[in-house]
Amino acid sequence: MKVAPLTVRPDRMEEACGVFAVLAPGEQVASLCYFGLYALQHRGQESAGIAVFDGDKVRLHKNMGLVSQVFDQNVLELMPGDRAVGHTRYSTTGSSKVCNAQPLVFMTRLGPFALAHNGNLVNTAELRKQLLVDKLNINGLDINSSGDSELIAFALQQAVNSGMAWDEAIKAAAAQCKGAFSLAISTPEALYALRDGHGLRPLVFGHLGESGSAAWVVSSETCGLDIVGAHFDDDVAPGELVRFKAGEDHPFRSRWCEETPKLCVFELIYFARPDSRFFGESLYSYRRRIGQRLAQESPVEADLVIGVPDSGIPAAIGFSQSSGIPFGDGLIKNRYVGRTFIQPTQAMREAGIRVKLNPLRDVIEGQRIVVVDDSIVRGTTSRKLVQAFREAGAKEVHMRISSPPVTHPCFYGIDTDSQDQLIAARFNL
Ligand code: AMP
């Protein structure tokens with residue numbers, strides 16, 4: 001979602017963004033999009049935006065903040081139309097400005113388009129040169145700080161302006177990009193959904209109402225379909241472009257690139273909501289299953305299994321089911337604190353964890369506990385938790401982690417720290 005030189009990593013992990021789009025003539029598409037983004041809020045809390053197409057006219061509203069802070073009934077009522085594209089964004093502080101909020105709306109010789117992007121490109125320097133972005137000065141704006149999503153939009157704009165039709169231009173723009181990109185794009189004629197060749201970030205589509213009713217929804221996760229009552233049809237496949245048109249009963253699906261699918265495993269482990277379905281299974285049951293497996297691989301004698309809220313809970317339930325050790329609430333999470341990794345410094349990060357999770361002394365005291373979390377990245381959370389459980393009187397504390405060790409940084413949208421910050425890269429296992 002932003003341009004960052006590969007050598008300089010931000011001081012924390014970065015979360016994936018949320019992308020949502022709807023094509024539903026006769027419906028209140030802005031409101032549907034609002035609810036879709038609401039369901040995807042966990043994927044990014046810095047900014048939110050919706051662009052609505054009314055014929056070939058676009059209305060765009062975006063701002064910093066949560067979806068519920070950026071939109072209200074009045075704003076949504078002023079956005080009539082039949083297609084909407086929406087976005088929730090997480091970014092690093094440096095690029096946390098409203099001008100970087102999405103969707104992006106660009107003008108071409110064929111009319112405007114709106115684009116929402118989830119993922120990170122890894123060839124931004126090369127792309128900037130190819131697109132001569134540094135030489136452009138659009139409306140006197142300094143676009144030197146343009147993020148990678150903006151580069152995709154420039155690539156598409158240039159492809160259209162060079163004479164290509166929309167489908168061809170979208171494929172040509174995608175072919176210039178390397179890295180992670182799940183996109184929703186609306187043009188004056190159609191709605192498009194596209195995933196990079198590896199399908200690093202998820203993207204699904206479904207329909208509203210009866211099948212064949214030609215009302216379509218695109219969402220980063222299936223929980224976005226559920227909230228608006230849409231029926232899941234399929235994943236946008238890695239390397240696929242799907243086009244939805246008003247009046248057409250079926251989407252037009254085509255491959256623009258063939259690569260090995262490589263969905264980011266952190267979607268399954270941590271990012272995506274437990275009620276979202278991947279490969280035909282909710283992440284709740286997937287995470288519970290890996291917890292069951294964990295109990296078989298790393299058994300321990302204990303009195304109580306405690307999950308670290310929220311992402312560690314399903315695995316803890318699975319651990320309990322498989323081991324027969326009772327599951328209990330031993331940690332209470334303050335729901336009003338954002339995810340801890342948005343704290344910029346290590347010291348604040350540690351303080352953030354204390355703010356967010358509080359052990360239940362009367363449940364823990366004198367108990368041999370198994371604490372199950374989904375992942376260890378730097379080791380900050382687990383160190384703090386073990387200390388907090390000891391202070392709360394636990395007799396024994398056994399940590400169990402349901403995902404494999406994180407030993408390498410990621411350049412595709414989850415900025416896990418530089419390698420020396422990753423605890424599993426520094427210690428032998
Ligand atoms: P750490 O404290 O650095 O070891 O981070 C691990 C904790 O952060 C675990 O409790 C995870 O649930 C959570 N976590 C895992 N991945 C991420 C991420 N990309 N962003 C924020 N938190 C994460």
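The protein chain has an accessible surface of about 17900 Å², with 52% of that belonging to carbon and sulfur atoms; areas here come from the Shrake-Rupley method with a 1.4 Å probe, and for residues only the protein chains shown count as cover. Keep in mind that this is a predicted model, where local features need pLDDT of at least 70, side-chain atom pairs count only at pLDDT 80 or more, and totals for chains, interfaces and linings use all residues. Residues are numbered from 1 along each chain as its sequence is written, and side-chain values use heavy atoms, with hydrogens and water left out.

**Overall make-up**

- The protein chain has 429 residues, and 56% of them count as buried (buried is under 20% relative accessible area, exposed is over 50%, and partly exposed is in between, with a 1.4 Å probe and protein chains only).
- On secondary structure, the protein chain comes to 14 helices and 20 strands (DSSP runs numbered from the N terminus: H or I with at least four residues for helices, E with at least two for strands).
- Take the contacts between residues at least 6 apart in sequence: 69% of them join residues at least 24 apart (contact means heavy atoms within 4.5 Å).

**Helix packing**

- Two packed helices are described by the angle between their axes and the distance between the axes. The axes are lines fitted to C-alpha atoms, for helices over the stretch in contact, and the angles run from 0 to 180 degrees between N-to-C directions.
- Angles under 35 degrees count as roughly parallel, over 145 as roughly antiparallel, 65 to 115 as roughly perpendicular, and the rest as oblique. A crossing is left-handed if the near helix is turned anticlockwise from the far one by less than a right angle, and right-handed if clockwise.
- Helix H4 (residues 124-131) packs against H5 at about 30°, with the axes 10 Å apart, so H4 and H5 are roughly parallel to each other. Their crossing is left-handed.
- On the H4 side of that pair sit Thr-124, Leu-127, Arg-128 and Leu-131, which meet Asp-148, Leu-151, Phe-154, Ala-155 and Gln-158 in H5.
- H5 (residues 148-161) also packs against H6 (residues 166-176), at an angle of about 135° and with the axes 8 Å apart. That makes H5 and H6 oblique to each other, and the crossing is right-handed.
- For this second pair, H5 brings Ile-152, Ala-155, Leu-156, Ala-159 and Val-160, while H6 brings Trp-166, Ala-169, Ile-170, Ala-172, Ala-173 and Gln-176.
- Helix H9 (residues 283-297) meets H10 at about 45°, with axes 6 Å apart. H9 and H10 are therefore oblique, with a right-handed crossing.
- The residues making the H9 and H10 contact include Tyr-284, Arg-287 and Arg-288 of H9, and Pro-314, Ala-315 and Ile-317 of H10.

- Gln-102 and Pro-103 are joined by a cis peptide bond, with omega about 5°. Pro-103 is in the loop between strand E4 (83-89) and strand E5 (104-108).
- Another cis peptide bond joins Pro-309 and Asp-310, with omega about -10°. You'll find Asp-310 in the loop between strand E16 (304-307) and helix H10 (313-323).
- Phe-279 isn't a glycine, yet its phi is positive, near 50°. Phe-279 sits in the loop between strand E14 (277-278) and strand E15 (281-282), and counts as exposed because its relative accessibility is 65%.

**Two buried strand residues**

- Ser-282 is in strand E15 and is buried, as its relative accessible area is 15%. Beyond neighbours within four places in sequence, Ser-282 contacts Pro-274, Ser-276 and Arg-277.
- Arg-243 belongs to strand E12 (residues 240-244) and counts as buried, given its 15% relative accessibility.
- Leaving aside neighbours within four places in sequence, Arg-243 touches Asp-167, Ala-190, Leu-191, Tyr-192, Glu-248, Pro-251 and Phe-252. From Arg-243 to Ile-185, C-alpha to C-alpha, is 9.4 Å in space and 58 residues in sequence.

**Cysteines**

- A disulfide is a covalent bond between the sulfur atoms of two cysteines. With a disulfide taken as a pair of cysteine sulfur atoms within 2.5 Å, the count comes to zero.
- The closest cysteine sulfur to that of Cys-410 is in Cys-264, and at 5.7 Å it is too far for a bond.
- Cys-410 is buried at 18% relative accessible area, and Cys-223 also counts as buried, at 2% relative accessibility.
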